[in-house]
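This briefing covers a predicted model.

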Amino acid sequence: MIVSKNLSKQFGEFEALKNVSFEIEQGEIVGFLGQNGAGKTTLMRILTAYLPSSSGQAFVGGEDVSLNPLAVHKKIGYLPETPPLYPNMTVKAYLRFAAQLKDVGVKFQKAQVEHVLEECRLEDVQNQVIGTLSRGYKQRVGIAQAIVHEPEVIILDEPTNGLDPIQILHVRELIRKLEHKRTVIVSTHILSEIEQLAKRVLIIKKGEIVVDSNLEKFLIPDDRKQIFVKVKGEEFHIEQAVKDTNSVKQINIEFLGEDIYELHLENTNNVAHYGELVQNFIKYGIKVIEIKEKKGTLEEAFLKINK
Amino acid sequence: MKKIFAIANKELSGYFRSPIAYVVLIVAVTVFNVFFFMIIDENQEATLRDVFKVMEFLFVFIVPILTMKVFAEEKQLGTMEFLMTTPTTHMQIVLGKYLGTLVFFTLIMCWTLPYYGIIKFFSHPDTMTMMTGYIGIWLEGAFFIAVGLMVSSWTRSQIVSAILSYVLLFFLYFASALVKYTGGFFQSIIKYLDVMGHTQNFIVGLLSSSDAIYFISGIVFCLVMTRISIDTRIWDNI
């Protein structure tokens, strides 16, 4: 759906993007993650054919963004970092204007505007002047504008920037609703947002893609899994049971009271199940209360990459 | 075409949602009325010749106020990015905005039409001369708007846009005063650029193709320059 081949962008001496290449399939939800100034917005602007690239090519739905920008604009719904709104217009008039410019047929404009008003939960404010709305509402009007022509691809640049927690929840919920039918790219510097929204993450650092990975795989490095097990029994038996299990190594044991211990183990053999461990616990008459895997957080991974 | 009208409509209704437009409308019409009364009272002639002169002088001040926001505001609000990522060509954006401003300007002009009725009621004016006079100053206004639009496409700041437009329009308006300080080829260019000379012919009832070509080519030139500055996103680079 979206292909980027060796995209580079220079602003004078400054190299904003260096040889960026990736492919995004239809229906994927991809998060662009990076610090402020890493090149996320520049990349999005090139994909939406707003900015020309200095070298390299980009395709959206098979159309070259530099050769056929109008065809690309038809396929894309784009929400820039600051929602592009006219403060003097009413929400409805603005969405109508957006529909007119985005080639929605005259007959369908009214229905389509009503549809997005409902989808973005804007019915209550449809006749209100945009300048009087709260930031959360403005952001939703921005999203409504992006989807009014039913685009195949939606590109959202920092959609939750500057919102309060409840507004953030509303916007995220809205983005999750979009994903069913469309390819979505979301950029953010908020790590937890990517975890909640995207299934794949592209990390951009100083204009280069340093990570392109499935989010699940990225968060759990395959070779080392940390496991926390809560068990009830005698300490001696517990340690013996762990020793008998080949696939784990004991790192720490902590007494929680009333014969309950928390074990910190490391999965050394890279097996995905803990059958052997549980069997050994049962053999020694130990009750297993809880087993949990500690996943790496995006924060840890991000900090490691940005060191 | 539909998109040009959609943008023109948005532009025009934008004028009526902002207080500046009403101020411009009221001030312009009031000043026109005062001068109309004074000039007719003084000259005792059944002609709008001198009224037209006052009007064209005022255009130098009015037009920058009308055009300063056209592109500068879009860039300030970030809506330029919205317009430019819709499937709309840059020429459609330019023409839509030009049309919207031109219609608002024409509405201001319409407020002066009763002058003809008043003169007609009391006297026997030369209708044809008055008509060519209206065509002349309308073309002049249309040209000034194109200049203002072009300047507005260069910058993010409405103030810079207004001041630069004033400078350019003053130059076009007072170019004849510079003629005597120049010589040779340069002098003939300045003479040709002088807007008053071309409008003057219309006002006295002379319709010539060279004057019409001056205005129309001026408008086309400015609109093409506007399009080029949008194509190259000149405001990001200067």
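In which strand of chain A is the place of Asn19(A)? Asn19(A) sits in strand 2 of chain A, residues 14-24. The points below take up its backbone angle, then the cores and the chain contact.

- Asn19(A) is not a glycine, yet its phi is positive, near 45 degrees.
- Asn19(A) counts as partly exposed because it has 15 C-beta neighbours inside 10 Å.
- Glu150(A), also not a glycine, has a positive phi of about 50 degrees.
- The loop between helix 5 (135-147) and strand 7 (153-157) of chain A holds Glu150(A).
- With 14 other C-beta atoms within 10 Å, Glu150(A) is partly exposed.

**Nonpolar cores**
- The largest nonpolar core has 121 residues, and the members that touch the most others are Tyr94(A), Leu95(A) and Ala144(A).
- Leaving out residues up to four places away in sequence, Tyr94(A) touches Leu85(A), Tyr86(A), Met89(A), Ile130(A) and Val141(A).
- Another core, of 13 residues, lies apart from the largest one; among its members are Val242(A), Val248(A), Leu263(A) and Phe281(A).
- In soluble globular proteins, nonpolar side chains tend to be buried together.

**Contact between chains A and B**
- Chain A gives 17 residues to the contact and chain B gives 18 residues.
- On the side of chain B that touches chain A, the elements giving two or more residues are helix 1 (2-17) and helix 4 (79-84) of chain B.
- Helix 1 of chain B supplies the largest share of that side, six residues.
- By type, the residues of the side of chain B that touches chain A are five nonpolar, eight polar and five charged.

Technical notes:
Residues are numbered from 1 along each chain as its sequence is written. Chains are lettered from A and ligands numbered from 1 in the order in which they are written. This is a predicted model: local features need pLDDT of at least 70, side-chain atom pairs count only at pLDDT 80 or more; totals for chains, interfaces and linings use all residues. A nonpolar core is a set of buried Ala, Val, Leu, Ile, Met, Phe, Trp, Tyr and Cys residues joined through C-beta atoms within 7 Å. A residue is buried if 20 or more other C-beta atoms lie within 10 Å of its own, exposed if 12 or fewer, and partly exposed in between; C-beta atoms are placed from the backbone. Two residues are in contact if their C-beta atoms, placed from the backbone, lie within 7 Å. Helices (H or I, at least four residues) and strands (E, at least two) are DSSP runs, numbered from the N terminus. Ala, Val, Leu, Ile, Met, Phe, Trp, Tyr, Cys and Pro count as nonpolar, Asp, Glu, Lys and Arg as charged, and the others, Gly among them, as polar.
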